[in-house]
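Hi,

Here is the model I promised to pass on. Have a look at it first, and then read my notes below.

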Amino acid sequence: VMSFIEKHNAKFLVLLIALPLFISGCVSGGTGSASGPGLIITAFEPDINFIESLDKVELRYKVENVGGEQARNVMARLIGINPDEWGFLSVGFQGTDQALGDFIPPNPSFSTEGTEKTGTYNLIAPTLPEGQSVTYNPILRMHYNYRTTITKPIKLVTEDELRRLESEGK
């Protein structure tokens, strides 16, 4: 991981302003009522915007369940940057994935919010040749197990009524 960083000692600036916010959730097609959007990423940002070679940077995020169902086995995944170029400082780091557990949904009957959790990725910026500037765009994705409930009214009729409706073109 550090071999690239160890080979170069030049300083550079990295701009981390364009961090995209991705919203994950349940999407249902067709008609009927679905049970809500699921998890949303409400914050994803670095602790500093300009970084020099080998600086420590902390990417912070906040995730909330705003859907109608429990999200199980939630996993945050950092993509968009090469782990071989960046050093990772997180204790017990297991690649770019972080297990966040389960998130309960909000309960309007009790005026409670859904589960909200925060996390961080502690990184060391890579080294580039002197005079080179690079913009990195890390992306945070949430993976989880969920269920979506959709309801659709179904009209039941007798066989005679069905024939009558068909003959009327309905």
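**A loop threonine, then the strands**

T127 is found in the loop between β8 (116–124) and β9 (134–135). Keep in mind that this is a predicted model. Is T127 buried or exposed? Its relative accessibility comes out at 0%, and since buried means under 20%, T127 counts as buried. As for what T127 touches, its side chain makes a polar contact with the side chain of S53, at 3.3 Å.

Now for the sheet that includes β8. Four strands form an open sheet in the order β2-β4-β8-β6, and the pairing is antiparallel. The edges are taken by β2 (39–46) and β6 (87–88); each has a single partner strand, so one side of each is left without a neighbour in the sheet. If you want a pair to click on, L39 has N65 in β4 as its bridge partner.

Then there is β5, which covers residues 71–79. Which strands does β5 pair with? One is β7 (residues 97–103), which runs antiparallel to β5 and is joined to it by five bridges. Another is β10 (residues 139–145), also antiparallel to β5, with six bridges between them.

Cheers

How values were computed: Residues are numbered from 1 along each chain as its sequence is written. This is a predicted model: local features need pLDDT of at least 70, side-chain atom pairs count only at pLDDT 80 or more; totals for chains, interfaces and linings use all residues. Side-chain values use heavy atoms; hydrogens and water are left out. Two strands pair if DSSP finds at least two bridges between them. Helices (H or I, at least four residues) and strands (E, at least two) are DSSP runs, numbered from the N terminus. Buried means under 20% relative accessible area, exposed over 50%, partly exposed in between (1.4 Å probe, protein chains only). A polar contact is a pair of N or O atoms within 3.5 Å; within protein, one must be able to donate a hydrogen and the other to accept it, and residues adjacent in sequence count only if both atoms are side-chain atoms.
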